[in-house]
Amino acid sequence: MATGVPPRVILSGFADEAAINKTAVEQFVAFSALGLSYYSIRFIDVGQGVKNVMKLTPDEVKEVCQLQKDYGLQVSSLGSPIGKIKLKDVEDGTKNVYVPFDKYLQEDVRRACELAQTLGTKLIRGFSFYHPKGEDPHPYLNEVIDRLGRIADVCRDAGLIFGLEVEANLVGQNGYLLAEIYQKLQHPSLVLVFDGANLVVQGYTAAEIYDQYLAMKPGLGWMHIKDYRRPQRDAKGGHVDEDMLKNFVPVHLGDSGHEVILRDFASYIPELEARLRPFGVPGVFLDLEPHVKGGGQFGGFSGPDGMGVALRSLCRLLDYVGIGYHLRDFDDIRAARGF
């Protein structure tokens, strides 16, 4: 029965994009000032230089946890690089590294799970491995499915969810391939993460991106929000030079077709909330990763002003399509003061 209450999402974002120097304090000041209560952790400087979250020492993790509390923030997802390594130990002209999978599973994947638990999130973002550059990804699907199933097993044993992001140059480079991976695995601790800009940069049109969103929809766990205004590529798919991408834009200016996608997504939010709830996930996250001042293979930058521009763009679009959200207000301030 309809209640008249709009479906709601939880707004989050990659906090390192908002900080000029990526210090923890810069990140948390920017996000709390923007009214956000959640963030995804990826790169951060806790006093010993900028590190990927996977490289933080126990003392640095402890400091992050204290700073989160001080600024009223919680972690939505661990922005790990799990799965952004070569599937095969072959030279293909890229700088991607190869790590024997059993070692990777025991060290990196378990490390990501430990960090997620300590930082208080149930979600780990990850990827679908690099097949040799220039080759068709389809012949590598079965091997990737086996590896991702083993990663998801580790996450399940830790009470966590592994979110597989669609991104160029990986085996799961488009929505159809990710949907096939999800359908063949049917693993309760594996979900898919939609990212429209990561499809625009491969030359797909808004109509094609919507079709790929629909393919991914049964497996969706959350969304990344960024967009891109492309000069049209000559071909779709294929290798993308991520370091040459210059045209990231706020969500209302790009070519992903987010309005149509989010209108459809609105009706799916209650079902997705119900699927996530048993894991202790507080709701459905939209995770800002705007890259409006630049982006590449392992991250991006928006600055505090760019993150504000991107957030306001998203909020206007959510208002337009009828999806609710919450930014910190005076009631939150009163509650923090104990009133």
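Leaving aside its neighbours within four places in sequence, which residues is Leu148 in contact with?

**View 1. Leu148 and its contacts.** Leu148 touches Phe127, Ser128, Phe129, Phe162, Leu164, Ile181, Leu185 and Leu190, leaving aside neighbours within four places in sequence (contact means heavy atoms within 4.5 Å). This is a predicted model, where local features need pLDDT of at least 70, side-chain atom pairs count only at pLDDT 80 or more, and totals for chains, interfaces and linings use all residues. Residues are numbered from 1 along each chain as its sequence is written, and side-chain values use heavy atoms, with hydrogens and water left out. Leu148 sits in helix α4, residues 141-157 (helices are DSSP runs of H or I, at least four residues, numbered from the N terminus). With 0% relative accessibility, Leu148 counts as buried (under 20% relative accessible area, using a 1.4 Å probe and protein chains only). Ile181 is 33 residues away along the chain, and its C-alpha atom is 8.8 Å from that of Leu148.

**View 2. Helix α10 and its two ends.** Helix α10 covers residues 330-337, and zero of its eight residues are buried, so it lies largely in the open. After α10 comes Gly338, with a positive phi near 90°.

Methods
Buried means under 20% relative accessible area, exposed over 50%, partly exposed in between (1.4 Å probe, protein chains only).
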